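Please open the structure in your viewer and keep the sequence beside it. The tour below goes from one selection to the next.

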Amino acid sequence: MMSTLLVKNARLLVTMDSTRRRISGGGLYIREGAIEQAGPTAELPESADKIIDASGMVILPGLVNTHHHLYQTLTRCVAQNSVLFDWLVTLYPIWANLTPEAVYISAKVGLAELMLSGCTTSSDHLYIYPNGARIDDEIQAAVELGIRFHATRGSMSLGRSQGGLPPDSVVEDEAYILRESRRAIEEFHQGGRYGMVRVALAPCSPFSVTADLMRESAVLARAYGVRLHTHLAETRDEEQFCLEKFGARPVDYVESLGWTGSDVWHAHCVCLNASEIALFARTGSGVAHCPTSNMRLASGIAPVRAMREAGVHVGLGVDGSASNDGSHMLAEVRQAMLLQRVGGNPAALGAEEALEIATLGGAAVLGRDDIGALAPGMAADFIGYRLDRLEFTGALHDPLAALVFCTPPAVDLSVINGKVRVEDGHILGLDLPPLIRRHTDISRHMVLGDI
């Protein structure tokens, strides 16, 4: 039996498709998880299996998170005044206490936060697997919540004794990493249109894996047709590390290993010069911009305006909750807009373009042409915010701008793959209090050693 959904009477429907329509009184007609029609309510069918009256709401495509470390929800507000390398050295010993349950519970907490902030598709970079933890643990959490999920099988193989940054206790054997990477792809990757779970390969960074692992991961990913992801050019310290160890800047180093191309996206890219931006544009390499994390760790400001003007695909990432301390996608949209203005140009990034980066931009970075816009044939992933709220009063002459300029609220409605996942600000089927209690217990044990 076919399943249909009708959304009608939205105060404003923002399509983010090629027409960039803003439709007053707009709506959507959805069949079997995909959008069949998007337009004025009067032009849509009058009946469906389920009808949502979106009166008083802004409806827009679900936000896409292109970089995260969900396990870090367990270690917020640690190393509060540290730069990246010092921050990592402080946290690695704590993360060495992760367990399969800790990965599962932390993923569920982080993904719930994301869903309540308007995120409908998230990636995650899990690169540490102590005490029997596996990528399966966070995929289970995503499947249970019903969020569209790009799990990246991360890895660290270069311990401190070999010149890397992480302690030897948290690195893995490279042959094992490649076997587990292959298993994850074969077991979980859904490459077809509207796939809910996809897998990418993601050696952690140039200072935590060998060149051989970077090369072999790229070969394996391309053999299976999956994407590649890593941290890159995040800080000046990383730049200096690469110059001293490899005799090359970070971008030149990864390019020599086959890590540019339309199937690659890099996190951060704060320290890019003009020729490196041009290389990314020419090769189709994507960037996950993480403004809050970059500010928190004093890493700098990524040249988003220059990247966009050059044609680089740029998406947004909240990054891990140990360097952001939250997982709020709409807040990240606001931060991205404001941070580009710090250099002195108040028009460096506007509200609509910031939302475009968080929707279409994120879809492009993740290699998807089925999310990020509300148009026929696209996945029915959309969100709704009520406008009759304290945060938006005084701004309703421009509801779209209100979403970005004003205090970021929680989402009121979220539909993913045609299924209502958040209704009246609550995740359906999720009992939050016991999840929060268990997460708190695990965090206290990891951070404070409490039993």
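In which sense, parallel or antiparallel, do strand E4 (residues 26-31) and E5 pair? They pair in the antiparallel sense, over 6 bridges, where helices (H or I, at least four residues) and strands (E, at least two) are DSSP runs numbered from the N terminus, and two strands pair if DSSP finds at least two bridges between them. This is a predicted model, in which local features need pLDDT of at least 70, side-chain atom pairs count only at pLDDT 80 or more, and totals for chains, interfaces and linings use all residues. Residues are numbered from 1 along each chain as its sequence is written, and side-chain values use heavy atoms, with hydrogens and water left out.

Within this pair, select Arg31, which stands opposite Ala34 in E5. Then widen the selection to the open sheet of 4 strands, whose order is E5-E4-E1-E6 and whose pairing is mixed. Its edge strands, E5 (34-40) and E6 (50-53), each pair on one side only.

Strand E8 (residues 63-65) runs parallel to E9 and is joined to it by 3 bridges, and Leu63 has Cys119 in E9 as its bridge partner.
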